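Below is a short briefing on one structure. The entry is shown first and the notes follow.

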There are 2 protein chains.
Amino acid sequence: MLCRNRSASHRYLLFIYTLPVNAETIAVGSEMLTPHRQDTNSLYLTDKLNGLGVEVRFKSVVGDSTEDLTAAAKLAMRRSDIIILIGGLGPTEDDLTREAVAEALGLKLQRDPEILVKLEERFAKRGIKMSPNNAKQADVLTSAVVLNNPNGSAPGQWISGKYDGKDRTIILLPGPPIELKGLFEAECIPRLRSKVPLQHIAIRELKIALLPESQVDARLAPIYKTFADVQTTILAGAGEIQLHLRCRKDSQTEAEGRVEELAEKIDEEMGDAIFSRKGESLEQIVSYLLQMRGLTLATAESCTGGLLAQRITNRSGSSRYFLGGAVVYSNELKTQFANVPKTMIKQHGAVSREVAKALAEGIRQRCVSSFGVGITGVAGPTGGTEQKPVGLVYVALAGEEGTQVVERNFPGDRKRIRWFATQQALEMIRRALL
Amino acid sequence: MLCRNRSASHRYLLFIYTLPVNAETIAVGSEMLTPHRQDTNSLYLTDKLNGLGVEVRFKSVVGDSTEDLTAAAKLAMRRSDIIILIGGLGPTEDDLTREAVAEALGLKLQRDPEILVKLEERFAKRGIKMSPNNAKQADVLTSAVVLNNPNGSAPGQWISGKYDGKDRTIILLPGPPIELKGLFEAECIPRLRSKVPLQHIAIRELKIALLPESQVDARLAPIYKTFADVQTTILAGAGEIQLHLRCRKDSQTEAEGRVEELAEKIDEEMGDAIFSRKGESLEQIVSYLLQMRGLTLATAESCTGGLLAQRITNRSGSSRYFLGGAVVYSNELKTQFANVPKTMIKQHGAVSREVAKALAEGIRQRCVSSFGVGITGVAGPTGGTEQKPVGLVYVALAGEEGTQVVERNFPGDRKRIRWFATQQALEMIRRALL
């Protein structure tokens, strides 16, 4: 389960309140109020806003209702400096964001002839006659700046001004992520940069695999607590721990210096356990190390059923260091593809230290690779016994200098056990390459 | 990209407004206002609430601030019948939900001696002395019903009463999903059932693989539009289309009847294209069909790099029909594990109809399986040529009755191309088994 470091997050909170500019996002659409859809745009926007020194203080999801939307926009105007409404800019009857914001701000909507021409051209290019309802996408709020949308038909809108005596910026963005991102990057970030006081922020993300969060925190808390000016957040989940460091100073050099100083102290304490110093994934680090040293890899997976190969090949260019491998679910295939002796499986069972070792060595030999990985275990939920319970996994790594085998008992469900087994394999490869 | 059917969603909206009971969720925690964490509990809660006939009208995320939380709770009391606050019930200084709700509702907090004893017992069992800050987890709002949390230390709370003359129910739930789900299921659903007027709701989820949404909608709109009393939502994404049907009537039989009637009409129109009639995944359906017919499968994957094997083995019990396979990233391994002739790769290239066919037939032969799948393609972003562009994928299925090969040009990025290739393979297996 993902959780966070409470003490760190508490300091984080204090940090927010000293900030001059805060934002909130309102995702618009009834489909995001069903069990089937999630607002993910706000994560992207939060990342970009944080980079500018703007903190997100509220996030909400509102359905396609003028009443609810208007109320949400009014509330946001009272409490946030920057309000970003996501979606509801399309051509249909339930695209109501423009109308709702007009009502909330007491502004009028005017049809912009220039946008209308562009819309018509867009349809003409695709050989389609524009249906009349599309024209509403040309409705612009009085005083709004139109934000060009290179990836879609609905333009964004930007309204900046005093409301109840307070500086407010309202941004209307299209909902499809590709449109939102392109538009925000090109049209909003430069405008926000000139609006938000220049901030000097340094960030750093360190990662650690397979250590328990409590252990990491016990070792690191005495260190990061002496850096009151660096916000440290510890997030744990999916077999790794992320340490997010963030510092704001009067100059970039000063901010970078403090983050660097803390990162070095953490490095000293955790040593080799830190696999990533710039937010890279474990697969990424393993890929760098293999390529740097001109080495290759092959895998023989039983209980992970291809998950390790899949994670490695998810990266473009992986054919340079990954030769391939076998998914040896049946005992016959363990022999056929990885040379595991039948008698060994009979004697020790398919889930055993011996078979893991034989899988790693066999696949290395068969694929003529520098390293061979063998994984065998009980992913569950069925198939466990008293001697070999669900969660028991053997991971072996064979290389020029011999073979090491690790026995682990992973808690959790099938998905988690399989994922942790692949984390274990990647971490073993990484450490062998150090 | 995921999108929805606009006309369907519009009808959905009208539907909401005729409802007697609506809810809103407030997820509490500053970590969910960072780019790294998402509130996912609300999806589970929405599903359960919808099942009771309760619609979720707003969702929001609020940080660990008493001021923000109190304001959010007050606002929710004005607009929603049921308010669910998620998280912020732990023992630390930034667990503020209890305090904020007390302030918003004008209630007091009292330390419950019974909960305190339970907390102390909990710690004693683990051989730890309880630290004093944990005692705040025993603070209960006056008039609140304490909801037992079998999976964690913080109990939930339930407050029901008139506020400003309106019936309101406020539920405080712990944030960790395993705690929230156990508690909601056992303690809240029965209470809500007796509170919400009995609803007769029938739902049905149909799924279609690999057809474009526009085509599906064009064929189905004339049908579902004649069922004004059945809410139809079309969601597209990840190589499949989901049709959600939902109907509310005076009796369960009537509701089920209408949903069934529409489902049958859709079935008639789409025929074999519908792979799932009860929300099952494509892997699940393929697994049922293989097991029913006592057949087995093996895979030889190039560009998908183990993703197909991984999807199949993600299901418990897959060893009954999945023997295993090979990830043949290098040309040598295509020959070594799936008997693809070297000369064939030289003549036609690794990405070719011929090699896909040879992979499927070779792996079937090597693994002695009923079916063999071969996948080869250009997943990109690099490696594409004019003749063989990024997205070109050949998928072959070899069986007793011969081998079929399909050539596809999938748009999108590496991840999407790989996913679609596995969808294609699973869909071919399914159709072969009909």
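Which residue is the bridge partner of A:Lys59 in E3(B)? The partner is B:Val61. This is a predicted model, in which local features need pLDDT of at least 70 and side-chain atom pairs count only at pLDDT 80 or more, while totals for chains, interfaces and linings use all residues. Residues are numbered from 1 along each chain as its sequence is written, and chains are lettered from A and ligands numbered from 1 in the order in which they are written.

**Chain A overall**

- Chain A has 14 helices and 18 strands (DSSP runs numbered from the N terminus, with helices being H or I of at least four residues and strands E of at least two).
- The C-alpha trace of chain A spans about 80 × 60 × 40 Å along its principal axes.
- Of the 434 residues in chain A, 47% are buried (20 or more other C-beta atoms within 10 Å of the residue's own, with C-beta atoms placed from the backbone).
- Among contacts in chain A with a separation of 6 or more, 68% are between residues 24 or more positions apart (a contact has C-beta atoms, placed from the backbone, within 7 Å).

**Interface and symmetry**

- In the interface, 68 residues of chain A are in contact with 68 residues of chain B.
- The side of chain A that touches chain B has 29 nonpolar, 26 polar and 13 charged residues (Ala, Val, Leu, Ile, Met, Phe, Trp, Tyr, Cys and Pro are nonpolar, Asp, Glu, Lys and Arg charged, and the others, Gly among them, polar).
- Strand E3 (residues 55-62) of chain A pairs with strand E3 (residues 55-62) of chain B in the antiparallel sense over five bridges (pairing requires at least two DSSP bridges).
- Chain A superposes on chain B by a rotation of 180° with 0.1 Å of shift along its axis, at RMSD 0.1 Å (least squares on C-alpha atoms of residues with pLDDT of at least 70 in both).
- The two copies are thus related as by a two-fold rotation axis.
- The copies meet through the same surface, because 99% of the interface residues of chain A are also interface residues in chain B.

- In chain A, H7 (residues 213-224) and H8 (residues 252-270) pack at an angle of about 150° with axes 10 Å apart (axes are lines fitted to C-alpha atoms over the stretch in contact, and angles run from 0 to 180 degrees between N-to-C directions).
- A:Arg219, A:Leu220, A:Ile223 and A:Tyr224 of H7(A) meet residues of H8(A) including A:Leu262 and A:Ile266.
- This contact of H7(A) with H8(A) has six nonpolar, no polar and three charged residues.
- In chain B, H7 and H8 pack at an angle of about 150°, with their axes 10 Å apart.

Note on methods: Two residues are in contact if their C-beta atoms, placed from the backbone, lie within 7 Å. A residue is buried if 20 or more other C-beta atoms lie within 10 Å of its own, exposed if 12 or fewer, and partly exposed in between; C-beta atoms are placed from the backbone.
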